[in-house]
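This briefing goes through a few local features of one protein chain, grouped by topic. Please keep the sequence and the model in view while reading.

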Amino acid sequence: MVDVPKKLLESRNINLAFRAACVNFADYVIKIKYENMKKAIVFLAEGFEEIEALTVVDVLRRGGVEVTTMSLTEDPYVDGAHGIEVLCDADNEYDPTDADLVVLPGGLPGADNLRASDLVCDTVKKYVVEGKLVGAICAAPYVLGELGVLQGKKATCYPGFEGKLVGADYTALRVERDGNIITGNGPSSALPFALALLAALTDEQNARKVADGMLC
């Protein structure tokens, strides 16, 4: 048996202890980062506008947001308005209330299917009451209007749906934010809409960093 000097053993133990501490600290940092990560739900109904939905998912994830795409049925596969099939992260059994932001993409019949969903309507109303962020773009802001959550708020939407923004001050802007509600007017505004969501959910600096990386 080799006689290992005591100082060498102590040095080895210190190194092992240091390595263990580094691993534990790294795990702790990852845990804290995960726990502090902002969360978003993007509802996907049959006939959703693909560019509006997926641009939001992409930009938010680039900005460090945990995004869950959610089907309104038991089938996790949802067809967009232009025939693009998307496999959602979750089906209608998932609880959408444990997040910081809920997003309603536009498109037809996607927006109508969102309006017909008790799950979507109940979630939106709950988010508004709790002061959480709610985003809707294109035709989808009409869902918010019919739910009565746009009363006295500035909002925008796809031209032709402004009459359904009950109680809202229609601005016709590409993107509009009033308090915790952010609306967009259509497919060409998908990127600025997504960046506005990211800025509201995290901060302007983070959104600017993501925008710069995309050459916006």
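Which residues of strand E10 (residues 181-184) lie on one side and which on the other, and are they buried or exposed? In this predicted model, Ile181 and Thr183 are on one side of E10 while Ile182 and Gly184 are on the other, and all of them are buried, so that both faces of the strand are covered. In a regular strand the side chains alternate between the two faces of the sheet.

**Strand E10 and its partners**
- Strand E6 (residues 133-137) pairs with E10 in the parallel sense, over four bridges, and Gly135 stands opposite Ile182 of E10.
- Strand E9 (residues 175-178) runs antiparallel to E10 and is joined to E10 by four bridges, with Arg177 standing opposite Ile182.
- The hairpin of E9 and E10 has two residues between the strands, and in this hairpin Gly179 takes a positive phi near 65°.

**Helices H6 and H7**
- The axes of helix H6 (residues 190-201) and helix H7 (residues 204-213) cross at roughly 145° and come within 7 Å.
- Leu195, Leu198 and Ala199 of H6 make this contact with Glu204, Asn206, Ala207, Val210 and Ala211 of H7.
- Classed by residue type, the contact of H6 with H7 has six nonpolar residues, one polar residue and one charged residue.

**Thr123 in helix H4**
- Thr123, which is found in helix H4 (residues 118-129), counts as buried because its relative accessible area is 3%, where the cut-off is under 20%.
- Leaving aside residues up to four places away in sequence, Thr123 touches Phe43, Pro96 and Val102.

Conventions:
Residues are numbered from 1 along each chain as its sequence is written. This is a predicted model: local features need pLDDT of at least 70, side-chain atom pairs count only at pLDDT 80 or more; totals for chains, interfaces and linings use all residues. Side-chain values use heavy atoms; hydrogens and water are left out. Axes are lines fitted to C-alpha atoms, for helices over the stretch in contact, and angles run from 0 to 180 degrees between N-to-C directions. Contact means heavy atoms within 4.5 Å. Ala, Val, Leu, Ile, Met, Phe, Trp, Tyr, Cys and Pro count as nonpolar, Asp, Glu, Lys and Arg as charged, and the others, Gly among them, as polar. Buried means under 20% relative accessible area, exposed over 50%, partly exposed in between (1.4 Å probe, protein chains only). Two strands pair if DSSP finds at least two bridges between them.
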